[in-house]
2 protein chains.
Amino acid sequence: MKLDILNKIDSPRDLKKLNKSELYELAGELREVIINKVSHTGGHFGPNLGMIEATIALHYVFNSPVDKIVYDVSHQSYPHKILTGRKHGFIDPKQYNSITGYTSQLESEHDFFRVGHTSTSISLACGLAKARDIKGSKENIIAVIGDGSLSGGEAFEGLNNASASGNNFIVLVNDNEMSIAENYGGLYQNLAKLRETEGKSEDNFFKSFGFEYHYIKDGHDLDSLIDVFTKVKDTDKPVVIHMHTIKGRGYEDAEVNKEAFHWIMPFDLETKEPLFSYEGEDYTQITDDFLCEKASKDNRIVGITAGTPVPVGFKNFRNKFKNQFMDVGIAEEHAIALASGIASQGGKPVASFFSSFIQRTYDQLSQDLAINNNSALILVHGNGISGGDITHLGIFDIPLIANIPNIVYLAPTNKEEYIAMMDWGLEQNQHPVVVRVPSNEVTSTGENVEADFSDLNKYKKVSKGSEVAIIGLGAFFQLGEKVQAKLKEELNIDATLINPIFITGIDEDMLNELVGNHRIVITLEDGLLDGGFGEKISRFYSDKNMIVLNYGATKEFTDKIDINELYKRYHLREDLIVDDIKNMLK
Amino acid sequence: MKLDILNKIDSPRDLKKLNKSELYELAGELREVIINKVSHTGGHFGPNLGMIEATIALHYVFNSPVDKIVYDVSHQSYPHKILTGRKHGFIDPKQYNSITGYTSQLESEHDFFRVGHTSTSISLACGLAKARDIKGSKENIIAVIGDGSLSGGEAFEGLNNASASGNNFIVLVNDNEMSIAENYGGLYQNLAKLRETEGKSEDNFFKSFGFEYHYIKDGHDLDSLIDVFTKVKDTDKPVVIHMHTIKGRGYEDAEVNKEAFHWIMPFDLETKEPLFSYEGEDYTQITDDFLCEKASKDNRIVGITAGTPVPVGFKNFRNKFKNQFMDVGIAEEHAIALASGIASQGGKPVASFFSSFIQRTYDQLSQDLAINNNSALILVHGNGISGGDITHLGIFDIPLIANIPNIVYLAPTNKEEYIAMMDWGLEQNQHPVVVRVPSNEVTSTGENVEADFSDLNKYKKVSKGSEVAIIGLGAFFQLGEKVQAKLKEELNIDATLINPIFITGIDEDMLNELVGNHRIVITLEDGLLDGGFGEKISRFYSDKNMIVLNYGATKEFTDKIDINELYKRYHLREDLIVDDIKNMLK
């Protein structure tokens, strides 16, 4: 790559010295760097290509970090990172891992928050604005939002408050016509009208809040960007700049297939083939296949996603059953209440989420769904201990969901159980049912599993032994099998192995039976120990003669730590667990 | 009371037979009934007086329960209840307790959800609409919202989706110019403009979503109400009816002092004096006094409330420190992100909530606050086991908050500790600090407590004994003292008594010390056992030789069950606990 301009840029200060034509050259270089880097490492592709010119213009006009820019979701902050002293992480393959995919105040004084969930930038920036006003200083506060994030409740709450704050506050709306999937909702129809009329349409959503409003027709035209940013700089009012951009701008495939190129796996730039491929079955596909089959026979099934249809199991479903499919956009709270409402009238909603994003819905799960005890089915994908980003961990859903009364939270250990649980969740009308989609490779037993889990909290004793009992929850059942084998091999112990099936309750009979001929019960869960499943087992045995060892994640935020390192740290390996058992048996 | 008309009304069917002048008479009778009943029992006063005419008109025009009306918060549903077969609960003092203060499908086929939190009606009604569309039936779906609820994120998410649903959907916005306190935000300025222009102002918030829009100038004028409702009945579009009402209508004091009369304690209708009065100190006042004192010396202190300033400790603060006070309206998610942003720049935010409403903010506590580890102070009022409504229980905040990494959740046991904890929370800059305001009567020791809790998870051993150790968390520390006394009295045991101070961690040294000369550890917490504090103690001892007994609430939704009944059910009495200990020591 020839990076004549970028080589000269170590901070936004250097950028301000460039002339217009150099700025355009810089945009080209940034584009090349991002396309090349993300093709090697995977990451957010379309969102960053769409923000290149706007980021250059922001740093050209404003004075970061005195002026403060907050990026919503922050998955569009790669250009910002490259321009604020972190270009090595995008240019030098050896340093690709040195820079995270999101903003981080640990990396740079130009970042103010670690952000990975949507719809938060305006509210967070309101905090920066209030802190400024208390101090009596005068810097610009800029919240960048878009890419579907506007539909999340927190963004609306932020707009409502920011618009009434009566002082400098700049919202840059990056309108790329997309959420992760397509946008949905009346608000986006308003944005479309504003685009058609170049900002002149009546009943302007942003003006309705009282914002001063500016429209930028081409968010890739540096001249218009710089012009408008200069105009609003140092304003004493809340202002919205509505900028139209093209997601994936400058990479044809990404411009055409915006959803697929939102986030990509590594691929070969020449052949466009993925660098890694996975041929086996996966639980996403199993979800989709099962729901399509069910829906083909029952028009009461309604699939619900909050902006991420493909990875939560609706890839085919959404096209085959248009009338039975609802993408509510990034609006998880609405999705749960909607599902509760449908179920209350005999419909069969199945709402499917990532573990990290269902965190948005605690109150809706509790109030809108569980108190009303409506029989919606909820699927939790992307859960479990992982090497993921700090903002996207999947270890908190058990403490979150399993301690809400009335909800039945199920943990399948294989394909057949998973399908049976979804089936039961849809057919029964007694409880809200949540299923924790296993995060490990698909195990298929070929056994027929009856779709009936109405006998709540009845665990399944898979093999009966003595001395040690292993309770392997969901995706960690297979780890339980390994522990069992190793105990036999090393200590000649025939351990009891239990598949608890239910996360939300205790099988008192079975646990009581273990007392007497077992000395140790171990629990294995693919999630946080605090407030989780194992602690309930510990509490049950706390007045009985039984040693309990709980295995799972420690209460900590981890950030891109290799999963094997975490498994070692938490003793989530059969050798380490058997060592622990040996120590207890001494 | 002379209830000539009401005596004839057992269901909405009877209402439809009345002529206009009888409808007006009915409104007067409803008003008299509600004023009389609520003055005796306490309850939501202003919201119900404001909804009388609209409710009559709804039932006159629409065909409930085929047409489905969903009330937001449902604290304005008394007129609806009286008109749908439940008047006995409002007229007959002996039956006052037979009817709850919120809608409930267990009470009537005219209710569809149990609701007590705000901003949910539109999303829930979207579910009813989707279920209708699947079935191919044609009823009207009506979501009633207002009284400040529009500012909550879930309401916005609902509006965004309802507006694009392309079928019959009626939103009745009850604009009484109020939240619980005064409205705040750009949206409410838009409503004000619409009121001034009788719905004709440009940049109409509701039209910006694409709703058909109708304005009703006088929401107490039955003719206009019936006229507009009749016009929109059986529409095939999403419609908003924006109706201006007067909160507290028909009771002068309530019209004048809208906030104080939102929810009232029982009072004497003649003298207007409260029937019960509480003269002692309370933690709300202590909060206010302390924060006022702090703020008078430090302009970085910023008080934040989400629509309920008075009961969370800002009664005087909000008037004395206008520049340091932010009522964000009903927008809890925004409040947490805002606090995080202020803290990130060295401000000292203190955001104060009810336990039940902080449930809205799990994701913001985790992502916006805890991951960023900003040192905001959060206060949790109204927590603990209570005889309250199912929708307003305060037992879930420990599982919700205490299992989030980085957060320090503190449980004061008396006034001096509470003040010291608030003080430390504001002065330190290392952690997000949450304080669980004790729910019991104020205990004051007069002792000086140092405002330093930086040595995390160091419990306080209040008295050293043997055999039994009692860990009494927060408001249940005093119960721990009673258990200690009774153990001495009945078993001559000198029990160890521990004030753990920290909800979020374990004092391993102190707990290890107990092993050997203690056989039983009991934990006492004023909240849910599942996912709570005691389970962490059980887990700690699960591989050690110690009996642990955890006391707290069972995982269940309770609804207006007498607190003494609950204490008995959960063995939260010193006599019952000592009996349990006797059984274990046998």
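Predicted model: local features only at pLDDT ≥ 70, side-chain atom pairs only at ≥ 80, totals over all residues.
Let me begin with helix H25 of chain A, which covers residues 574-585, has 12 residues, and reaches 16 Å from its first C-alpha to its last, close to the 16 Å expected at 1.5 Å a residue. Within H25(A), the buried residues are Leu576(A), Ile577(A), Val578(A), Asp580(A) and Ile581(A). As for what surrounds them, the buried residues of H25(A) pack against strands S15 (467-472), S17 (518-528) and S18 (547-553), and also against helices H21 (477-491) and H24 (563-569), in chain A.

Next, a pair of helices in chain A: H2, residues 20-41, and H11, residues 222-232, pack at an angle of about 110°, and their axes are 11 Å apart. That angle makes H2(A) roughly perpendicular to H11(A). On the H2(A) side the contact is formed by Lys20(A), Leu23(A) and Tyr24(A), which meet Leu222(A), Asp223(A) and Ile226(A) in H11(A). Sorted by class, this contact has four nonpolar residues, two charged ones and no polar ones.

Turning to annotation, UniProt, in an unreviewed entry, places a feature named "domain: Transketolase-like pyrimidine-binding" at residues 281-445 of chain A. In the model, the end C-alpha atoms of residues 281-445 of chain A lie 14 Å apart, and the span is 42% helix and 16% strand.

Now to chain B, and to Gly531(B), which sits in the loop between strand S17 (518-528) and helix H23 (533-541) of that chain. Is Gly531(B) buried or exposed? Gly531(B) counts as buried because its relative accessible area is 0%, and the cut-off for buried is under 20%. Leaving aside residues up to four places away in sequence, Gly531(B) touches Asn403(A), Gly531(A) and Lys536(A) in chain A, together with Pro399(B), Asn403(B) and Lys536(B) in chain B.

Finally, some backbone details, taken chain by chain. In chain A, a cis peptide bond with omega of about 5° joins Ser64(A) and Pro65(A), and Pro65(A) is in the loop between helix H4 (52-61) and strand S2 (68-71). In chain B, a cis peptide bond joins Ser64(B) and Pro65(B), again with omega of about 5°.

Asn373(A) has a phi near 50°, which is a positive value in a residue other than glycine, and this residue is found in the loop between helix H18 (362-370) and strand S11 (377-381) of chain A. With a relative accessible area of 30%, Asn373(A) is partly exposed. For Asn373(B), phi is likewise near 50°, and that residue is partly exposed, with a relative accessible area of 30%.

Terms used. Residues numbered from 1 in each chain as written. Chains lettered and ligands numbered in written order. Heavy atoms only, no water. Helix = DSSP H or I, 4+ residues; strand = E, 2+ residues; numbered from the N terminus. Expected span 1.5 Å × (residues − 1). Buried < 20%, exposed > 50% of the residue type's maximum accessible area, 1.4 Å probe, protein only. Contact = heavy atoms within 4.5 Å. Axes fitted to C-alpha atoms, helices over the stretch in contact; angles between N-to-C directions. Parallel < 35°, antiparallel > 145°, perpendicular 65-115°, else oblique. Nonpolar A, V, L, I, M, F, W, Y, C, P; charged D, E, K, R; others polar. UniProt positions renumbered as here; feature names shortened; annotations may be inferred.
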